[in-house]
Amino acid sequence: MSSILPPATDQRIDDLLDAPAVQQAFSYFDSHADAITAEQVLINSVPAPPFGETERAEYLRQKFLAHGLSQARLDEAGNCVALRRGAFETPLLVVSAHLDTVFPGNTDLTLRRVGARLCAPGIADDACGLAALIAIAGALHSCKIETTGSILFVGTVGEEGEGNLRGVRHLFTQSEWAGRIDAFVSFDGAGLDRITNGALGSRRYRVQFRGAGGHSWSDFGSANPVHALGSAVARLASYPAPNEPRTTFNVGHIEGGQSINAIPCAASMDVDLRSASGDELLKLDAFFRRSIREAADEENLRRSSGTEPLVVATELIGERPGGATLAEDPLVQLAWAATEAVGGKPVLDRSSTDSNLPISLGIRAITLGAGGAAANSHTLDEWYNPKDRAAALRRALLVILGTVRVQKS
């Protein structure tokens, strides 16, 4: 997606920058910088593995209550939801960050400080976004900013991995808010310049090859699930993925077998397919499925007469819709102008985030970085540096208030 966009000219930004309450909120971010960082560290110390986000959701709920969001609660999916009512319900803007991490519950989350860097799994993705939510709620409450529209603060479950966007999917399709939300902004990871308005489509599969198994010597010739799986991986690896539109694939997890001298009874793999183009994703998906069938057929043709054939089970374990909030959309234009107003250099981006779901439903949505710098996301070496975080928080506030408007006294 092109990063070139004519500068947005939105009087709302200038009006907001002139508002004393907004300037007071900007000062709040500066004066509370250390407290916001400390909050981020505390958030990250609460484990939130896939499908195990409840403890962190409850922590967030308590923080929302402390900032005047009196009806903060956990919904049926496990999201932490808190409404800040404006003079009217509409426009209703969701501001969110995701609760979950990619790491299992037994991961060591002990924080290490290396200079200005905070080092711990999940510290940027997305403890950074959750800290931003709390900071924004705190600034609005402390500075007594009243809005015309309403703001729904949400900590979502299931953004990562096999969560398959279950939190935001519930919010938009099954919750009490379904059909009532006008716009969506999520905070995911670090950075100031990025405006993610493109939704990267993906499909995720779990494939299992099953056979009779046996002894590596006496039963040689029986169909081998690991051999078939290896062939399937090699076939997928040969796919001529285009650079434009960018298309990728990954075999992220493999398991199977029990001994070096035993033919396995089963072997499985988890596969991630992605593309910036829906058509290219369909082509890749078809090639992948064909590769699985051909690998099984090839192994079955090699098996000895009278032995059992392999069977294959292919399960779709995740599907994220693609699409985009157009560059010309008022929300994108607003984010562009707000980024420039706080000294950033806006760049449009495509990624896989909670925004995928509302975009697929035709609801304007973007994902923004929550400030600072970070690297090594989704690894045990993840780090975050809070330097200049306040600029991104100011941008976030401008986007929020530019959407729901400040209520005039």
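Which side chain meets that of Arg302 in a salt bridge? The partner is Glu298, with an N to O distance of 3.6 Å; a salt bridge is defined here as a side-chain nitrogen of Lys or Arg within 4 Å of a carboxyl oxygen of Asp or Glu. The structure is a predicted model, in which local features need pLDDT of at least 70 and side-chain atom pairs count only at pLDDT 80 or more, while totals for chains, interfaces and linings use all residues. Residues are numbered from 1 along each chain as its sequence is written, and side-chain values use heavy atoms, with hydrogens and water left out.

The protein contains eleven helices and 19 strands, taken as DSSP runs (helices H or I, at least four residues; strands E, at least two) and numbered from the N terminus. Of its 409 residues, 52% count as buried, where buried means under 20% relative accessible area, exposed over 50%, and partly exposed in between (1.4 Å probe, protein chains only). Along the principal axes, the C-alpha atoms fill a box of roughly 85 × 40 × 40 Å. Among contacts (heavy atoms within 4.5 Å) between residues at least 6 apart in sequence, 80% join residues at least 24 apart.

By the rule stated above, the count of salt bridges comes to 21. The pair of Arg302 and Glu298 belongs to helix α8 (residues 278-302), where the two residues are four positions apart and thus separated by about one helical turn. Arg302 is exposed, at 51% relative accessible area, whereas Glu298 is partly exposed, at 30%. Both residues also take part in a network of salt bridges that links Arg235, Glu294, Glu298, Glu299 and Arg302.

Two further salt bridges join residues from separate elements. In one of them, Arg204 pairs with Asp272, the closest N and O atoms lying 2.9 Å apart. This pair links distant parts of the chain, since Arg204 is in strand β9 (residues 201-210) and Asp272 in strand β13 (residues 266-275), 68 residues apart. Arg204 and Asp272 are both buried.

In the other, Arg364 forms a salt bridge with Asp329, and the closest N and O atoms are again 2.9 Å apart.
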